[in-house]
Amino acid sequence: MIYLIWAMTKTGIIANNNQLPWNIKSEMQYFQAMTINKTVLMGSKTFLSIGKPLKNRYNIIITSEPSKYQEFASQNCIISNDLSEFIKKYRKNPKNELWIIGGAKIYQQTFEDADFLYISIIKENKQKFPGNLKFPIRDFSNFKEIKKTDYPEFIAYIYQRKV
């Protein structure tokens, strides 16, 4: 099964200069709870913004320049230029979970294969968050909302692909 997980503002902002525009501890804890001990897949820009493989997860980094990232390759981190290899392995496979964690290009390339969307909408009650990158897809009509949880600083939505 393929899961896309991301946080954004109501206007779709997901990043500002390749960094999260917010620092919301409870949303990071939610992300961690969803992805801990799972396989996460990210693009090289997302990986560079994090700076290292995520702990307690099996990391897959997709890049057009795998040799540039080989120093990070380990038992829990694979560097590859073949996104389709991983999509085939996890697509419609209930025994395996692949969590797509960014960035925009990777979301765009994997959206049609997603079984679930985990979207955190950041509340901007006290401040607006600047951003120069929006989530690349706005049409979620092929998904139905199956859960909504309201937290003080964000709302967590879970969507499942319609059959």
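Rings of Phe, Tyr and Trp (for Trp, its six-membered ring) form a pair if their centres lie within 6.5 Å; planes under 30 degrees apart count as stacked, over 60 as edge-to-face and the rest as tilted. Ring pairs link Trp6, Tyr107, Phe111, Phe135, Phe140, Phe143, Tyr157 and Tyr159 into a cluster. The model is predicted: local features need pLDDT of at least 70, side-chain atom pairs count only at pLDDT 80 or more, and totals for chains, interfaces and linings use all residues. Residues are numbered from 1 along each chain as its sequence is written, and side-chain values use heavy atoms, with hydrogens and water left out.

**Aromatic pairs**

- A pair of aromatic rings is described by the distance of the centres and the angle of the planes.
- The count comes to 19 aromatic pairs.
- The rings of tryptophan 6 and phenylalanine 135 are stacked, because their centres are 3.8 Å apart and their planes stand at 5°.
- This pair links distant parts of the chain, 129 residues apart: tryptophan 6 is in strand β1, and phenylalanine 135 is in the loop between β8 (133-134) and β9 (143-150). Helices (H or I, at least four residues) and strands (E, at least two) are DSSP runs, numbered from the N terminus.
- Tryptophan 6 and phenylalanine 135 are both buried; buried means under 20% relative accessible area, exposed over 50%, and partly exposed in between (1.4 Å probe, protein chains only).
- Phenylalanine 47 and tyrosine 69 form an edge-to-face pair, because their ring centres are 6.2 Å apart and their planes are at 75°.
- Phenylalanine 47 lies in helix α2 (residues 44-50) and tyrosine 69 in the loop between β4 (58-62) and β5 (77-80), so this pair ties together parts that are 22 residues apart in sequence.
- Phenylalanine 47 is buried at 0% relative accessibility, and tyrosine 69 is buried at 4%.

**Helix α1 and threonine 35**

- Helix α1 spans residues 25-35, and Glu27, Tyr30, Phe31 and Thr35 are buried in it.
- The buried residues of α1 line one face of the helix, because they fall within an arc of 115° when seen down its axis; the arc is that of the directions from the helix axis to the C-beta atoms.
- These buried residues pack against β1 (2-8), β3 (39-43), β6 (98-100), β7 (116-122) and β10 (154-161).
- Threonine 35 has a relative accessibility of 0%. Leaving aside neighbours within four places in sequence, threonine 35 is in contact (heavy atoms within 4.5 Å) with Ile5, Val40, Arg57 and Trp99.
- The side chains of threonine 35 and arginine 57 are joined by a polar contact of 2.8 Å. A polar contact is a pair of N or O atoms within 3.5 Å; within protein, one must be able to donate a hydrogen and the other to accept it, and residues adjacent in sequence count only if both atoms are side-chain atoms.

**Salt bridges**

- There are five salt bridges, each being a side-chain nitrogen of Lys or Arg within 4 Å of a carboxyl oxygen of Asp or Glu.
- One of them joins lysine 38 and glutamate 97, with the closest N and O atoms 3.4 Å apart.
- Lysine 38 is in the loop between α1 and β3 and glutamate 97 in the loop between α3 (83-90) and β6, 59 residues apart.
- Another joins aspartate 115 and lysine 92 at 3.2 Å, N to O.
- Aspartate 115 is buried at 5% relative accessible area, whereas lysine 92 is exposed at 52%.
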